[in-house]
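Here are my notebook entries from an afternoon with this model. I wrote down what I looked up, in the order I went through it.

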Amino acid sequence: MPDLPAFNTAPPDELRPLLLTCLAVPRWADAVLAGRPYADVGALFAAAERAAADLTDDEVRAAIAGHPRIGERAEGGGVGARWSADEQSGVTGSERLAAANAAYEERFGHVYLVCATGLSGARVLADLTARMANPPDAELRVVHRELVKIAVLRLGKALELSTSTLSTHVLDAEAGRPRVGVPVRLERDGEVLAAGRTDDDGRLRFAGELAPGAHRLVFEVDTPFYPEVVVAFRATGGHLHVPVLLSPFAYTTYRGS
């Protein structure tokens, strides 16, 4: 597997099959290759997301055709099958899930797709059931977003990036002390992944790991000017510490350690 310097310099024909395993859209793979060299992993992820933002409906359908049904394992022993098995490691097949998959495919004409990393079977089933109410065109847009998440996640695996852990610290600059009990939620693509409140030292550490890609921290700070503070960031491996320093009419954030 290439690291970022190798990714920037390897022959395109060597990298294209790996990129197509991340997202089976040739136009996307060519766009990612054309953007080289990338200064850092965050720039690569951003370019990959931009290139995937305008996939056509036909490209989305073609890309999902190679994905196994959720709860089933991909055939073969290639890297794509291994990645798929890893992504679905928290999901076990069941009669209810099989029946839900069949009903979804009958309604929409394609497999149900979700970025399943970190999701349980119950959570996947709840998501599938809720999405059955979508009109077909709206559902295809949801599938498009899930494809982008999977593509970025697999890019991270291709570069052998680790998952990330996350913590934060909220400080009140005017009072000169930590902000206690601030509600904070972690989001990705509008979905709340986790939530909590800062402790007596103004700190909050989120349990579990983050897949590579874009996330948001939303702080309900309720200052005179800001009802909430939103910090968007990219997870690129390792521990991420994202503090926020508050004053009544300003705030500062940075990547800490």
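**Entry 1**

I began with Arg69, which sits in the loop between helix 5 (57-64) and helix 6 (79-87). I take helices (H or I, at least four residues) and strands (E, at least two) as DSSP runs, numbered from the N terminus. A note on provenance: this is a predicted model, where local features need pLDDT of at least 70 and side-chain atom pairs count only at pLDDT 80 or more, while totals for chains, interfaces and linings use all residues. Residues are numbered from 1 along each chain as its sequence is written, and side-chain values use heavy atoms, with hydrogens and water left out.

My cut-offs are under 20% relative accessible area for buried, over 50% for exposed, and partly exposed in between (1.4 Å probe, protein chains only).

Next I looked up the side-chain partner of Arg69: its side chain makes a polar contact with the side chain of Glu105 at 2.6 Å. By polar contact I mean a pair of N or O atoms within 3.5 Å; within protein, one must be able to donate a hydrogen and the other to accept it, and residues adjacent in sequence count only if both atoms are side-chain atoms. I also noted His110, which is 41 residues from Arg69 in sequence and 9.7 Å from Arg69 in space, C-alpha to C-alpha.

**Entry 1: Asn101**

From there I moved to Asn101 in helix 7 (residues 95-108). Asn101 counts as buried because its relative accessible area is 4%. Which residues does Asn101 contact, leaving aside its neighbours within four places in sequence? I found Arg69, Ile70, Tyr112 and Leu128, with contact meaning heavy atoms within 4.5 Å.

**Entry 2: helix 3 against helix 4**

I then turned to helix 3 (residues 26-34) and helix 4 (residues 41-52), whose axes come within 9 Å and cross at roughly 145°. Axes here are lines fitted to C-alpha atoms, for helices over the stretch in contact, and angles run from 0 to 180 degrees between N-to-C directions. On the helix 3 side I listed Trp28, Ala31 and Val32, which meet Leu44, Ala48, Ala51 and Ala52 in helix 4. By class, this contact of helix 3 with helix 4 has seven nonpolar, no polar and no charged residues. For the classes, Ala, Val, Leu, Ile, Met, Phe, Trp, Tyr, Cys and Pro count as nonpolar, Asp, Glu, Lys and Arg as charged, and the others, Gly among them, as polar.

Helix 4 also lies across strand 6 (213-219) and strand 7, and runs at about 100° to strand 7.

Four strands form an open sheet in the order 4-3-6-7, with antiparallel pairing. Two strands pair if DSSP finds at least two bridges between them. The edges are strand 4 and strand 7 (229-235), each of which pairs on one side only. From one strand to the next, the twist averages 20°.

I checked strand 3 (residues 183-188) against strand 4 (residues 191-197): six bridges join them, and they run antiparallel. Leu186 has Ala194 as its bridge partner in strand 4, and Val184 stands opposite Gly196. The hairpin of strand 3 and strand 4 has two residues between the strands, and there Asp189 takes a positive phi near 50°.

How many of the nine residues of strand 1 are buried? I have seven, and I put the strand down as mostly covered.

Strand 1 (residues 164-172) pairs with strand 8 (residues 238-247) in the parallel sense over nine bridges. Along this pairing, Leu166 has Leu240 as its bridge partner, and Leu171 stands opposite Leu245. With strand 5 (residues 203-210), strand 1 pairs in the antiparallel sense over five bridges; Ser164 stands opposite Leu210 there.

Strand 1 and strand 2 (residues 177-178) are antiparallel over two bridges, and Asp172 stands opposite Arg177. Their hairpin has four residues between the strands, and Gly176 in the turn has a positive phi of about 75°.

A hairpin joins the two through two residues, and Leu246 has Tyr251 as its bridge partner in strand 9.
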